[in-house]
Amino acid sequence: MRVVMVDGFSSGKFLAKQLKDAGCVLVHVASSDTLDSYYYKGFDCALYERMIVHRDVEMTLAQLQRFKPQFILAGAETGVLLADQLNEQLQLPYRNRFDKTNARRNKYEMIQCITQAQLPAARQFIADGWESVQHWIDEHGRFPVVIKPLESAGADGVFICEDMYACKAAVERLLGTTNKLNIPNTQVLIQEYLAGMEYVVNMVSLNGRQLVTEVVRYRKQRTASGGILYDIDELIGPDTPVYSILVDYTRAVMRCLGIRNGPSHAEVMLTEDGPKLVEIAARTDGILRPGVSKLTTGLGQIDAVVLSLMQPAAFEQRSAGEVGYQRLQHTYNVCLINRSEGYFEKDVFLRELLKLESFFEAVFYVENGQQIDVTQDVFSQPGTVYLVHPDPGVIEADYRRIRTLELEGAYLAAR
C-alpha cells in the first residue's frame, strides 16, 4: 500500500511509524520549506522512501503521480489544506468534501458553517483593525471574550480577555505577526466566551461512518495575559452521562463540515445550553501515543486510522457498535508548565517520575542544556508526562506530585 504523509509531524509521526510497520510504502511531503522547527522534533525521515518539499501544486502532483499513491493523509494541522488539495486533484476515494476545505481550517468559516446548519455555536466577528473589534465588543456587551487567529493550532495566539484593555493588547499582539502554522495574522477572530467544561472528541471516519476513539475532558490554565496553557487531558468512559451528548453533537458537526474519511479532532465546550464547538481539525489528536491507547482503550485514534486503510471491513464492523471504545484504565496526559527561566535538565526530574505508581512515559520537547522560558503556550511547554493506572486517585496524586516537582524547579539545572 502506497501512502503520502503531508507534514508527518506531531502525532502524525506515530501514524507514519504504524503504517510503515504494517508494510506500507511512504512518501513525505512538507507543505512548506519555512515550517517552524518545533514540528521536526522527533521526526524520522528514515520512514519514508522519498522526501518532497512542496513549492508548486503542479510540481508536487507530478512527483506524486509517479509514486501512484492510494492514500494521502495530513499528519499535522499545517498539512490539512494541502492534503485536501492533493486528494481532490488525484480524486482518491479516501478524502473529504473539497467545497468545505476552508471551513475545516478557517475558524470563522467553521463556526459560520455550523451556525448556518442551525447547530449551536458561539457568536463571533472577524476584523482587521482595533476600531471594528471595539465596536463589536461594545455591542456584545459582556466579558470575557476570546480573541484568536483565524488559522492556528495548539492554542497558539488564543487569548481570553476580561476587559477592553486586554482585548486591545491581544489584537495588537496578533495583527501583523505570523503564527506557528507559518500563516500571517492579517485578521483576528473575536468570539463569545463559552463557559463550561471543555472536552475533546476524537473519531476516525470511513465513507461517512465514524468510530469514536477517545472522549477526553480538558483541564486548562490561563496565563497572566489571558493566554491558554494545556494542563491535563483525562480520558472519560462511554458510560459517562455527557458522552452521548458530546458524540451526537460532534457527528452533526462533521457531517456539516464534510469530514467523511480519516481522523478528526474536535474541541467542544459543554455549556449550560448544551455542547458548542470550539474548533475541529481533520487530523489526529497531537498529544496521542499508541502505547497509552493500547493500555487504556485497546485501539486509539492512530491505530484506528491504520485499520480504516488496511482492513476497511474490520473497521466498518467495529464502527457499527453503539460505543466506540471501553475505558480499560484511567489516564492523564500531563502537559508540563515551566514556571521560571532556566536551563533544561531532565535527569533528576525523570528519576522522580519513575517513582510514581502511575508513570508510563515522559516525552520532552527540549534537550538537556537548552535554555527554556516560562511556558506561555503549547509550543513552549517542555514536555508531556503520560500517567496510566486502574485507580484514578493514584493518578491524581501523581499529577499533584508532578506539579510540586515543577514548582521546585526539578527539571531546571542549577547554574
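This report describes the domains of a predicted protein model, the interface between two of them, and some local features of the chain.

**Domains**

The protein chain is divided into four domains, whose residue ranges are listed below.

| Domain | Residues |
|---|---|
| Domain 1 | 2-95 |
| Domain 2 | 123-192 |
| Domain 3 | 195-328 |
| Domain 4 | 330-414 |

**The interface between domain 3 and domain 4**

The centres of domain 3 and domain 4, taken over C-alpha atoms, are separated by 25 Å. Contact between the two involves 18 residues of domain 3 and 22 residues of domain 4.

The size of an interface is often given as the accessible area lost when the parts come together. Here, domain 3 and domain 4 bury about 1,900 Å² between them. Carbon and sulfur atoms account for 58% of this area. Within domain 3, the residues that lose the most area to domain 4 are Tyr230, Ile287 and Arg289. Together, these three residues provide 26% of what the domain 3 side buries.

Two salt bridges are counted between domain 3 and domain 4. A salt bridge joins the side chains of Arg219 and Glu396, with a distance of 3.8 Å from N to O.

Which elements supply the side of domain 3 that touches domain 4? At least two residues each come from β10 (209-222), β11 (228-235) and α8 (290-296). The element that gives the most is β11, with eight residues. By class, this side of domain 3 has eight nonpolar, four polar and six charged residues.

**Aromatic pairs**

A pair of aromatic rings is described by the distance of the centres and the angle of the planes. The structure holds 15 aromatic pairs. One of them is formed by Phe9 and Tyr39, with 6.0 Å from centre to centre and 40 degrees between the planes, and is classed as tilted. Phe9 lies in the loop between β1 (2-6) and α1 (12-21), whereas Tyr39 lies in the loop between β2 (25-30) and β3 (50-53), so the pair ties together parts that are 30 residues apart in sequence.

**Backbone details**

The loop between β1 and α1 also contains Asp7. Although Asp7 is not a glycine, this residue has a positive phi of about 55 degrees.

A further backbone feature is the cis peptide bond from Phe143 to Pro144, with omega near 0 degrees. Pro144 is located in the loop between α5 (130-140) and β6 (145-149).

Definitions and conventions
Residues numbered from 1 in each chain as written. Predicted model: local features only at pLDDT ≥ 70, side-chain atom pairs only at ≥ 80, totals over all residues. Heavy atoms only, no water. Domains from an automatic or database assignment. Contact = heavy atoms within 4.5 Å. Buried area = accessible area lost by both parts, 1.4 Å probe. Salt bridge = Lys/Arg side-chain N within 4 Å of Asp/Glu carboxyl O. Helix = DSSP H or I, 4+ residues; strand = E, 2+ residues; numbered from the N terminus. Nonpolar A, V, L, I, M, F, W, Y, C, P; charged D, E, K, R; others polar. Phe/Tyr/Trp six-rings, centres within 6.5 Å; stacked < 30°, edge-to-face > 60°.
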